Amino acid sequence: MDTLNNILTYLGLGFVLLGSIFLFLGALGIYRMPDLYNRLQAGTKASTLGAMSVVLGVGLMQPSWMIKLIVIILFIGISNPLSSHALARASYRRGIRPFFKKKIDAYEQEVEREKQQRKKNQIKVEKVKEVAD
Amino acid sequence: MNIIIYISIVLISIGSFLAFMRFVKGPTAADRAIALDTLSVIGIAGLVLLGYLFKRYIYIDLALVYAVLGFIGIIVIARYIEKAL
């Protein structure tokens with residue numbers, strides 16, 4: 001029983017160290033990257049892995065806390081990609097473009113098409129209003 | 001044994017300082033929102049680690065509530081950036 005506890009403790013310490021290194025690298029990426037989308041990539045991926053690893057390590061060191069820690073891990077794994085996706089979509093639609101030019105930008109065409117569709121719909125609504133008047 | 005946890009806490013604090021520098025500098029509002037998101041994730045990990053160090057169970061509940069509130073805040077900020085609320 002004692003050796004099992006020791007093994008779990010050392011495993012947990014390794015996870016905590018690994019996770020904190022990943023958190024540090026993610027924050028360094030947030031500070032150093034040249035562009036909004038690069039920053040989003042570095043920040044979200046590295047910090048999600050780091051936070052999950054730190055929480056799992058604490059759970060291995062203290063097994064009676066494991067249930068709530070697993071809930072935290074699941075919540076981080078669901079919510080962090082969602083929030084970064086929402087931020088990227090919002091900033092693209094706001095008009096912030098990537099720093100390096102790309103040859104093909106499929107999402108831009110889609111945004112343009114949606115804008116034109118909205119304009120057509122507005123014109124239709126105005127025509128219907130005129131007829132009704 | 002505890003020295004590794006101290007090293008981890010130092011790394012996490014340097015990381016939160018770097019993210020805070022981006023929060024101060026960031027040219028656009030979306031940059032600041034990203035830095036805030038990373039800061040909240042770093043804060044969750046730090047709370048759990050401090051809870052283990054002080055042997056207090058209530059820090060875990062605190063981390064859970066902070067995770068939920070940070071997620072809702074980021075979604076609201078993203079909606080605000082996309083169009084008006």
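Predicted model: local features only at pLDDT ≥ 70, side-chain atom pairs only at ≥ 80, totals over all residues.
**Entry 1: chain B, first look**

I started with chain B and counted three helices and zero strands. Helices here are DSSP runs of H or I with at least four residues, strands are runs of E with at least two, and both are numbered from the N terminus. Going along the sequence, I read the pattern of chain B as α-α-α. Its radius of gyration is 15 Å, well over the 12 Å that the globule rule gives for 85 residues, so chain B is more spread out than a compact globule.

Residues are numbered from 1 along each chain as its sequence is written, while chains are lettered from A and ligands numbered from 1 in the order in which they are written.

I also looked up the extent of chain B: its C-alpha trace spans about 50 × 25 × 10 Å along the principal axes. Of its 85 residues, 45% count as buried. Buried means 20 or more other C-beta atoms within 10 Å of the residue's own, exposed means 12 or fewer, partly exposed is in between, and the C-beta atoms are placed from the backbone.

**Entry 2: helix H2 of chain B**

Next I picked H2(B). At 1.5 Å a residue its 26 residues should span 38 Å, and the end C-alpha atoms are 37 Å apart, which agrees. (The expected span is 1.5 Å times one less than the number of residues.) Is H2(B) mostly covered or mostly open? I found 19 of its 26 residues buried, so to speak a covered helix.

**Entry 3: chain A**

Chain A has four helices and zero strands, in the order α-α-α-α. Its radius of gyration is 24 Å, well over the 14 Å that the globule rule gives for 133 residues, so chain A too is more spread out than a compact globule. The C-alpha trace of chain A spans about 85 × 35 × 20 Å along its principal axes, and 35% of its 133 residues count as buried.

I saw chain A split into domain 1 (2–101) and domain 2 (104–133); such bounds come from an automatic or database domain assignment. The C-alpha centres of these two domains lie 40 Å apart.

I then went to helix H4 (residues 106–132) of chain A. Its 27 residues reach 40 Å from first C-alpha to last, close to the 39 Å expected at 1.5 Å a residue. How many of the 27 residues of H4(A) are buried? The number is zero, so H4(A) lies largely in the open. H2(A), on the other hand, is mostly covered, with 21 of its 26 residues buried.

The C-alpha atoms of His85(A) and Leu40(A) are separated by 9.1 Å, though the two are 45 residues apart along the chain.

**Entry 4: where the chains touch**

The contact takes 42 residues from chain A and 39 residues from chain B. (Two residues are in contact if their C-beta atoms, placed from the backbone, lie within 7 Å.) On the chain A side, H3(A) gives the most, with 15 residues. By class, that side has 27 nonpolar, eleven polar and four charged residues. Ala, Val, Leu, Ile, Met, Phe, Trp, Tyr, Cys and Pro count as nonpolar, Asp, Glu, Lys and Arg as charged, and the others, Gly among them, as polar.

**Entry 5: the largest nonpolar core**

A nonpolar core is a set of buried Ala, Val, Leu, Ile, Met, Phe, Trp, Tyr and Cys residues joined through C-beta atoms within 7 Å. Which residues touch the most other members of the largest one? Of its 54 residues, they are Val55(A), Ala45(B) and Val48(B). The elements giving two or more residues are H1, H2 and H3 of chain A, plus H1 (2–25), H2 (29–54) and H3 (58–82) of chain B. H2(B) has the largest share, 13 residues. Leaving out residues up to four places away in sequence, I listed the partners of Val55(A) as Leu69(A), Ile72(A), Ile73(A), Ala45(B) and Val48(B).

Definitions and conventions: Rg over C-alpha atoms; globule rule 2.2 N^0.38 Å. Expected span 1.5 Å × (residues − 1).
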